[in-house]
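Please read this report with the model open beside it. The text begins with terms and moves on to the chains and their contacts.

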Number of protein chains: 2
Amino acid sequence: MATSDALQTVNDTPTRQPFALDDALALLARTPGSVDALLRGLPRAWTTATEGANTWSPFDVIGHLIHGELTDWLPRAKLILEHGNSRPFEKFDRFAQRESSSGKTLEQLLDEFALLRRRNLDELQSLRLTEADLDRPGLHPELGAVTMRQLLATWVAHDLDHVTQIARVLARQYSDEVGPWRAYLRVISGQQG
Amino acid sequence: MATSDALQTVNDTPTRQPFALDDALALLARTPGSVDALLRGLPRAWTTATEGANTWSPFDVIGHLIHGELTDWLPRAKLILEHGNSRPFEKFDRFAQRESSSGKTLEQLLDEFALLRRRNLDELQSLRLTEADLDRPGLHPELGAVTMRQLLATWVAHDLDHVTQIARVLARQYSDEVGPWRAYLRVISGQQG
């Protein structure tokens, strides 16, 4: 029937949220606690587990998130406010944590991430960004033209991407141990929802 | 050089952990806190967001995890202890939360999940499972022969699968808002790993 087909089409559409600064702040504030609850105190074999060569362990991911707090998100937002798209962002070093995390414990990294995130969100709020500010253009060294809104939305999605990564790396440690249930576990079978 | 090639081959292998009851307990104990930290207090548009028809929101996932605590994991473990593979497990109802979560808030569900999980882990510990118990056979109604060890490993991986799902559903709400950064965000572009 035409009516139910139309309804089906509507329901098939994934939901999307429009960017809102308050939502972004709420989401960004939650990441440190979530990864802390997941990882703190786990045996080291789990927190340093990987998906193979050139893939990251949970420990590596937290170091990467710290480096983002120090050099990526808020510094880029401030660059946009000060210089718009007249200066490209500094390139982000995806491997900085190899050195910066060296000799630290996971617990130290979790503390550091939480502290830096709190400070950065305080500073972000203090900028009192307007809708006009969110439209301001920036210049990404590889992607080209971007906006403040896209930068802040990406900060949120990037956090969540790494939450999926941490949970996936942990889950896959039992790829063999789950036996025939492997077929039901998308995180292990490799299918994505 | 042969030496570094050999090393490369070793490093290419993803890490795997052998099943250990203490590890499983440590991981299972962390899930409620992690999803609570991620979700509690978020705007309802986010906690009820989905990836389209017949996909689950974070709210749906917590209801599903509750149903697992009530009817799946520990009840199946006790069935294996009592009846081995002479009786198949009850089938698990993947849609039970449609009714059981109805009228509840996310916060109620998070509290309920945390309470049930704590009780179930207490009971699991009180069973004092031996290595021989972990080898005990069970009968899955669809998958056939399984073991206690596989059941418990799957409980862990199933939790983490749903943590990835929750973070993915949230991240994808900004699929459009991230603009050109979409190319860098595996959780949005759909690439895994």
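Helices (H or I, at least four residues) and strands (E, at least two) are DSSP runs, numbered from the N terminus. A:Asn54 is placed in the loop between α3 and α4 (58–71) of chain A.

This is a predicted model, in which local features need pLDDT of at least 70, side-chain atom pairs count only at pLDDT 80 or more, and totals for chains, interfaces and linings use all residues. Residues are numbered from 1 along each chain as its sequence is written, chains are lettered from A and ligands numbered from 1 in the order in which they are written, and side-chain values use heavy atoms, with hydrogens and water left out.

**Chain A**

Chain A has ten helices and two strands. From the N terminus on, the order is α-α-α-α-α-α-α-α-β-β-α-α. The C-alpha trace of chain A spans about 65 × 55 × 30 Å along its principal axes. Chain A has 193 residues, and 51% of them are buried. Buried means under 20% relative accessible area, exposed over 50%, and partly exposed in between (1.4 Å probe, protein chains only). Contact means heavy atoms within 4.5 Å. Take the contacts in chain A between residues at least 6 apart in sequence: 70% of these join residues at least 24 apart.

**The interface**

How many residues of chain A are in contact with chain B? The count is 76 residues of chain A, in contact with 76 residues of chain B. The size of an interface is often given as the accessible area lost when the parts come together. Buried area is that loss (1.4 Å probe), summed over both parts. For chain A and chain B it is about 6,500 Å², with 59% on carbon and sulfur atoms.

A polar contact is a pair of N or O atoms within 3.5 Å; within protein, one must be able to donate a hydrogen and the other to accept it, and residues adjacent in sequence count only if both atoms are side-chain atoms. Across the interface of chain A and chain B, 25 residue pairs are in polar contact, both residues at pLDDT 80 or more. On the side of chain A that touches chain B, the elements that give two or more residues are α1 (2–12), α2 (21–39), α3 (44–47), β2 (144–147), α9 (148–172) and α10 (186–189) of chain A. The largest share comes from α9(A), with 18 residues. By class, this side of chain A has 37 nonpolar, 24 polar and 15 charged residues. Here Ala, Val, Leu, Ile, Met, Phe, Trp, Tyr, Cys and Pro count as nonpolar, Asp, Glu, Lys and Arg as charged, and the others, Gly among them, as polar.

A salt bridge is a side-chain nitrogen of Lys or Arg within 4 Å of a carboxyl oxygen of Asp or Glu. Chain A and chain B have two salt bridges between them. B:Arg16 forms a salt bridge with A:Asp176, with 3.8 Å between the closest N and O atoms.

**Selected residues**

| Residue | Relative accessible area | State |
|---|---|---|
| B:Ser175 | 5% | buried |
| A:Arg76 | 5% | buried |
| B:Trp73 | 5% | buried |
| A:Asn54 | 72% | exposed |
| B:Asn54 | 74% | exposed |

B:Ser175 sits in the loop between α9 (148–172) and α10 (186–189) of chain B. Its side chain reaches the backbone oxygen of B:Arg172 at 2.7 Å. Leaving out residues up to four places away in sequence, B:Ser175 touches A:Arg16, B:Arg182 and B:Ile188.

A:Arg76 lies in helix α5 (residues 73–83) of chain A. Beyond four places in sequence, the residues that A:Arg76 touches include A:Phe89, A:Glu90, A:His140 and B:Trp181.

B:Trp73 belongs to helix α5 (residues 73–83) of chain B. B:Leu151 is 78 residues away along the chain, yet the two C-alpha atoms are separated by 7.3 Å. B:Trp73 also touches B:Leu151, and among its other contacts are B:Thr154, B:Trp155 and B:His158.

A:Asn54 is not a glycine, but its phi is positive, about 60 degrees. B:Asn54 likewise has a positive phi near 60 degrees. B:Asn54 is in the loop between α3 (44–47) and α4 (58–71) of chain B.

**The hairpin of chain B**

Two strands pair if DSSP finds at least two bridges between them. β1(B) and strand β2 (residues 144–147) of chain B pair in the antiparallel sense over four bridges. They form a hairpin with three residues between them. B:His140 has B:Gly144 in β2(B) as its bridge partner. Strand β1 (residues 137–140) of chain B has B:Gly138 and B:His140 on its covered face, and B:Pro137 and B:Leu139 on the uncovered one.

Notes: Buried area is the accessible area (1.4 Å probe) that two parts lose on being put together, summed over both.
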